[in-house]
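Hello,

Here is the structure I promised to pass on. Please open it first, then read my notes below.

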Amino acid sequence: MKGRFQLGLMIAGLIVAGLGLTLYKHFALGFPLLGKDVSTVWSIEAWVSFKARGQAAQASLTLPDQQPDVRILDESFASPGYGINQTNDGGQRRAVWSIRKADGRQDLFYKVKIRLEPGINPNVNDQPEPFIAPVLPEPYQTAAKSLLKQVTEHSADTVSFVGSMISQFNAKEPGQNTNMLLGMVEEGVKLPDLLVNLLHMNNIPARIVRGLHLEDGRRRQPIIDMIEVYDGTEWQLFDPKTGKAGNPDAFFLWQRGAKSLLDVMGGVNSDVRFSIISQNAPTRELALTQANQDGAALIDFSIYSLPLEVQNAFKIILLIPIGVLVVLFMRIIVGLRTSGTFMPVLIAMAFLQTQLIPGLVIFTSPGIHWFMDTVFP
């Protein structure tokens, strides 16, 4: 009786440990429960081009960083003849291409692969930076103060204030103060920049962000200016064209802050264009790559750390106990007669190698029956 209890306790412990490891690999490391599970991987390519003037040239491009609901899987650069360095400019990553001498058209490429993963939230300290309220030239300063006072009276918090202010600029018939400020837009000031200045005048932290709508097969995709506003606890994203708050579906933030997206020295006619394509990839391979990058210790002791040939052999071996369990269930519980315990499992594994139809042809041939009757009478 005591031996049965110890055996049962050991079996229960192994089952709990196995289930625990399975759930950990699924929820913490992202391994799928189904082997054929696939995920969408977005590839975004930035194409930088400019005309060099026969002297030393340098190009600096803002690079995307980790952000909520998005995982950056891989990055690559293509720049023949150029040296490439990554720098950190005020918390913003930048790629810097440089060459001693260049002449004519120059093409530089940066490619990033990402996967949308709702729920992930990288631990990034992203507090608002100190700012000084701008002073606009008259009569815009007076119009701005009047507009801010009017919007404050018709809002309850930061989010409603920003939405109400943006709606003033997008109304079919803007008010007198709004019309006055829209004159700055006609003079060349971008609307997102004007909105950020107005928010700073009302002592609300805000900044320009730039991003891309993820659409498969898009070439020359334009980068879009949006506004992020700090509501006291977190940053809220606003569309300056609609005033709608929240992250749009399939939107990838490329840059935070109003600094230039691309800087080129030693060249003219610089431009950056974006192309986007989506591909399906096995979720298991993506999770394995990410776990190796993160240094998950569990992966070092798993079957995935072995060579592929050994992995395939283990997959076949691990099918034997499962097949034996099925055969025993059919014999003992259902009452089905079988050719021993292991013979059906071995035949099924042979079908895995030969495929079902060729295996059935071979198995039903007279030579196989003679061999079975001779060896296993």
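Start with patches: they are made of residues with over 30% relative accessible area and no salt bridge, joining like charges within 9 Å and nonpolar side chains (Val, Leu, Ile, Met, Phe, Trp, Tyr) within 5 Å. A salt bridge is a side-chain nitrogen of Lys or Arg within 4 Å of a carboxyl oxygen of Asp or Glu. Accessible areas come from the Shrake-Rupley method with a 1.4 Å probe, and for residues only the protein chains shown count as cover.

This is a predicted model: local features need pLDDT of at least 70, side-chain atom pairs count only at pLDDT 80 or more, and totals for chains, interfaces and linings use all residues. Residues are numbered from 1 along each chain as its sequence is written, and side-chain values use heavy atoms, without hydrogens and water.

Now the patch. Leu7, Met10, Ile11, Leu14, Ile15 and Leu19 form a nonpolar one on the surface. Together they have about 600 Å² of accessible area. Leu19 sits in helix H1 (residues 2-27). Helices (H or I, at least four residues) and strands (E, at least two) are DSSP runs, numbered from the N terminus. Leu19 counts as exposed because its relative accessibility is 52%; exposed means over 50%, buried under 20%, partly exposed in between (1.4 Å probe, protein chains only).

Next, the backbone. Most residues other than glycine have a negative phi, and most peptide bonds are trans. Glu138 and Pro139 are joined by a cis peptide bond, with omega about 5°. Asn203 is not a glycine, yet has a positive phi of about 65°. Asn269, in strand S11 (residues 267-282), has a positive phi near 55°.

Best wishes
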